[in-house]
Amino acid sequence: MSSAAPKKVLSVFTLTMINIAAIASLRNLPLASSFGFSIVFVYALMALLFLIPSALVSAELATTYHNSTGGVFKWVEEAFGPRWGFQAIWMQFIENVIWFPTGLSFVAATLAYVINPALAANKAYMILMILVIFWLTTYINLKGMKASGLVSSVGAIFGTLIPGALIIALGVIWWTIGNPLEITMTAKTFLPKMNLSNLVFTAGILFSFAGMEMSAVHAKEVQNPNKNYPKAIAISSCILVALLVMGSLAISFVIPKNDVSLVAGLMDAFSAFFTSFHIPWFTPILAFLVAIGVISQASTWLIGPVKGIYATAHEGFLPKMFDKTNKENVPYMLLYFQGAIVTVLALLFLVMPDVDSTFWILSALATQLYLIMYILLFAAAIYLRFKKPNLERPYKVFGGKPGIIIVSGTGLLVSLVVFFLGFVPPEQLEVGSIFFYESFLIGGLVIFGLIPFLVIKGKKANRQT
């Protein structure tokens with residue numbers, strides 16, 4: 001096992017790009033665009049109630065424990081003990097594994113515009129592309145954090161920021177030259193309709209803002225982390241909100257709400273813009289760039305949670321085979337284990353009614369598992385501020401103890417509400433029978449949620465023998 005100390009290779013710029021690559025996914029824009037003009041209100045509300053609390057809490061905990069690579073595991077362990085620390089990091093790890101088929105299905109659908117747009121609805125094509133892209137990014141991450149950070153930076157710029165800025169610019173041009181809009185922008189339509197269907201989709205919107213804590217596992221590799229980590233979070237948060245709000249509106253300008261595809265909606269919008277402006281040949285170019293952006297996001301998420309759960313291997317939570325790294329200090333056995341699960345989950349595309357329904361049900365399960373981690377994270381932040389007030393905190397959530405209660409309490413409450421909303425199937429999608437939908441979610445939560453308890457039980461049994 002390698003014991004080399006991590007090098008300080010991450011600047012504010014690189015860490016900001018890692019955050020953007022991890023969170024600012026253009027794949028969420030089609031779902032958000034279904035809200036129409038009210039998406040501005042929805043995103044602002046979710047940013048206030050979830051993104052800001054998670055960013056502030058992550059900044060405090062990451063700089064307090066910047067000498068640890070355990071991330072969420074370390075934070076929750078310090079508050080509630082190793083059992084719950086392992087539970088938290090496992091939730092982050094496994095939701096990420098479940099997310100990969102959905103995230104990469106967006107890449108596959110986007111690349112279909114380079115080959116043949118009809119392939120976006122072809123299940124066999126989707127599965128093949130998901131697996132090829134996933135194992136390619138796994139190979140890249142085996143080369144170490146410097147290579148992974150480079151992929152994240154390049155992908156975030158050319159695959160997320162540039163296409164995101166372009167879709168926004170196209171939307172602004174479309175609006176200003178007087179072309180017809182598929183949405184109505186008035187004071188009345190600014191507020192969303194408070195029906196169950198819209199509330200269910202807020203789970204997907206919240207998932208757009210999840211992940212700010214993930215980069216904390218790289219704290220030891222950040223130059224001057226006490227100053228630069230909070231700065232990177234602030235910059236990336238501002239870019240994220242602007243990109244998602246304006247990008248979603250641009251799609252809603254040209255694609256009717258009922259015609260939005262969750263996996264191909266972004267490229268449908270680009271195609272509509274470029275066809276109208278008589279440059280349809282530009283669609284495949286943008287498709288390639290967008291695909292690069294989501295691949296960079298996959299690369300970022302592929303290694304972050306793995307490094308977090310790897311920290312638990314030293315304490316005996318995982319089999320000894322997982323407590324190994326290669327010469328680049330990368331936990332390669334965990335990457336292979338992750339890949340095996342993703343490969344199996346990708347086959348779910350064969351049994352679901354269509355690509356969109358597979359995308360949604362995997363997203364719903366991933367969101368619910370992730371929210372369990374966030375509930376533990378917000379609770380740990382409150383507990384540590386009260387029970388360990390003398391810890392050196394280079395960055396602290398404002399307002400003293402009342403401040404941490406308000407900020408973390410808000411994030412915790414929103415996480416609980418959205419968790420239960422995930423059990424309601426959206427009316428807009430064909431997800432099969434209600435029995436299958438609920439059984440899949442409940443079964444997934446039970447199976448993946450119980451694994452940490454079984455691991456700890458096995459760990460205790462081994463100590464007694």
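Helix α4 (residues 72-80) and helix α5 (residues 82-115) have axes that come within 7 Å and cross at roughly 150°. Angles over 145 degrees count as roughly antiparallel, so α4 and α5 are roughly antiparallel to each other. Bear in mind as you look around that this is a predicted model.

**Helices α4 and α5**

- The crossing of α4 past α5 is right-handed.
- On the α4 side, the contact is made by Val72, Phe73, Val76, Glu77 and Phe80.
- On the α5 side, Pro82, Trp84, Gly85, Phe86, Ala88, Ile89 and Gln92 take part.
- Sorted by class, this contact of α4 with α5 has nine nonpolar, two polar and one charged residues.

**Helices α5 and α6**

- Now follow α5 to its meeting with α6: their axes come within 8 Å and cross at roughly 110°.
- Angles of 65 to 115 degrees count as roughly perpendicular, so that is how α5 and α6 are placed relative to each other.
- From α5, the contact residues are Phe100, Pro101, Leu104, Ser105, Val107, Ala108, Ala109, Leu111, Ala112 and Ile115.
- From α6, they are Tyr125, Met126, Met129, Ile130, Ile133 and Phe134.
- How many nonpolar, polar and charged residues does the contact of α5 with α6 have? There are 15 nonpolar residues, one polar and no charged.

**Helices α6 and α13**

- Helix α6 (residues 123-141) also packs with helix α13 (residues 332-346), at an angle of about 170° and with the axes 10 Å apart.
- That angle makes α6 roughly antiparallel to α13.
- In α6, look for Ile127, Ile130, Leu131, Phe134, Trp135, Thr138 and Asn141.
- These residues meet Leu335, Tyr336, Gln338, Gly339, Ala340, Val342, Thr343 and Ala346 in α13.
- By class, the contact of α6 with α13 has ten nonpolar, five polar and no charged residues.

Methods. Residues are numbered from 1 along each chain as its sequence is written. This is a predicted model: local features need pLDDT of at least 70, side-chain atom pairs count only at pLDDT 80 or more; totals for chains, interfaces and linings use all residues. Side-chain values use heavy atoms; hydrogens and water are left out. Axes are lines fitted to C-alpha atoms, for helices over the stretch in contact, and angles run from 0 to 180 degrees between N-to-C directions. Helices (H or I, at least four residues) and strands (E, at least two) are DSSP runs, numbered from the N terminus. Angles under 35 degrees count as roughly parallel, over 145 as roughly antiparallel, 65 to 115 as roughly perpendicular and the rest as oblique. A crossing is left-handed if the near helix is turned anticlockwise from the far one by less than a right angle, and right-handed if clockwise. Contact means heavy atoms within 4.5 Å. Ala, Val, Leu, Ile, Met, Phe, Trp, Tyr, Cys and Pro count as nonpolar, Asp, Glu, Lys and Arg as charged, and the others, Gly among them, as polar.
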